Amino acid sequence: MSQRTEFYSERGVAVLASYTRTGYPVGATDRLTPLLQHLGPLIETAVDAQQVAAVLEAHGYNDRMVLERYGYPNVFELAEALYRIAPRRAAASRRKANRLPETLRELSHGLFYGMPGLFFPAIFAWVGAREATLGLILSAILGWAWSQGMIRLAYVLMGRGFAAEARRLLQTMFFLGLGPALLVSLLLQADLALSVLVVLQTAYHMASSILLLYKRELWLLLAALPAALVGVLFLWFPDLLGAANTVVVMMISVLLSVAAALLDLRTKVGHSPWKVLQKADWLDAIPLVLYGFFSAVFVFINPFWHWVTGTSIVLGLAVVPLVLSMGGLEWQLRVFLERVSVLLASTSDLRVFARNINRIFLSALASYAGLLLAISLLAKVFFNLNSPESEVFLVANFLLGIGFFVAFTLTSMNRTLRVLLGMMLALLVYAVVFALSIQGVLPLDESVSYLLGCGVFTSYLLLVALPVLRELRNYQ
């Protein structure tokens, strides 16, 4: 994202920038300063305005966004302005930066995403496996979907230069996000234990998203560490603390993460974030909310099936490698975008760009797939997932991980609607095949139906992504 779109009048009302006779907005240099700070290393190494335009496209900017947020009629006009005011220096590709701390930080995210999994053995023993499974599913769907929306809006505000307003927005939306969790608990007539589970897990998803957004991994680690330690202790020595005491420590840990997130959001604001955001910003956030919703649906189809049938939840452990690999996905996606930027900065020949972009993408995808495969094999051994059904689930989640990598790439290029189409298509295939299997028309079980759905999802997105990557050259 980039920087603030509007100037503010004395009354605090957002107004569009006026134009000079040259066609550039008044005060353009001041307004573009945050954007230069954000993309400066890439813009300053460009050899012409076309490369700046390509960099903007690579980071998801399109003509509509540029017009609404900066007042320029299209991406190329904004690129011309940036190229004029940006200082020139040697290409960034000649410098060697130490990326190890950033890589480790990204890889740690997979542990934070998977850490709630340590909570559930004790919770199963406390409230019952079926109730805890339902709580996990509901809190994940609510938390993932709501977090995607609020983080998207926060990025919009921060990109426009309203950092304090972004914090205030996240603070407000955090408390609003607890409302749907309470509503679902009431609609299900859940008992107190399940209601607390749903609300706290939803709160953890939102709090962890906020802390990761502001790179407070250490804060989140310190907050979640007590819960992780007692969770592991319960697995080895369940009678030492007992389920009730273990769950109490976990609740305290979740509340600590919430406190850390709210502490980081404390700020004084100059304007109301609700006045800064435009209608288009809210509309743009809806696809991201749906993306979070469908992502959670995909990941938790297996646990939901076991909740419905009352069968063992052990097969749900096949999703653990996918969750733990999410940090590796972020890492390789960042590597891909950096390599694309280097490619854009090193050539003005669009044919060379088109020839190399797919190779760079497939290289990053292969690196992530290798990491996911290694984690899957370790999980197979550690959790003893040797039954044919569990192996099918492992393969299905491996395909789903590849699909998620492609989906993350497409959403970073503002192609979220295409991702949603692929998700709905895959879920439809899964539902149809599964229904036909139940009726005896197809000799398949639930695991194979899930495998087919994941295969359709990944295949569709790969077919969509490869030509989309080459569209970066069509920035005019």
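Q: How do the axes of helix α3 and helix α13 lie relative to each other?
A: One reads such a pair from the distance and the angle between the axes. In this predicted model, the axes of α3 (residues 63-70) and α13 (residues 279-299) come within 11 Å and cross at roughly 140°. The crossing of α3 past α13 is left-handed.

Q: Which residues of α3 and α13 meet?
A: From α3 come R64, E68 and R69, and from α13 come A280, D281 and D284. By type, this contact holds five charged residues, one nonpolar and no polar.

Q: Why do residues three or four places apart in a helix point the same way?
A: An α-helix has 3.6 residues a turn, so residues at that spacing point the same way.

Q: Is α7 mostly covered or exposed?
A: Helix α7 is mostly covered, with 22 of its 31 residues buried. Over the protein, buried residues account for 51% of the 476 residues.

Q: How many helices and strands does the protein have?
A: The protein has 20 helices and two strands. Of the contacts between residues at least 6 apart in sequence, 80% join residues at least 24 apart. The accessible surface is about 21400 Å², and carbon and sulfur atoms contribute 67% of that area.

Key. Residues numbered from 1 in each chain as written. Predicted model: local features only at pLDDT ≥ 70, side-chain atom pairs only at ≥ 80, totals over all residues. Heavy atoms only, no water. Axes fitted to C-alpha atoms, helices over the stretch in contact; angles between N-to-C directions. Helix = DSSP H or I, 4+ residues; strand = E, 2+ residues; numbered from the N terminus. Left-handed = near helix turned anticlockwise from the far one by under 90°. Contact = heavy atoms within 4.5 Å. Nonpolar A, V, L, I, M, F, W, Y, C, P; charged D, E, K, R; others polar. Buried < 20%, exposed > 50% of the residue type's maximum accessible area, 1.4 Å probe, protein only. Areas by Shrake-Rupley, 256 points an atom, 1.4 Å probe, with all protein chains shown as cover.
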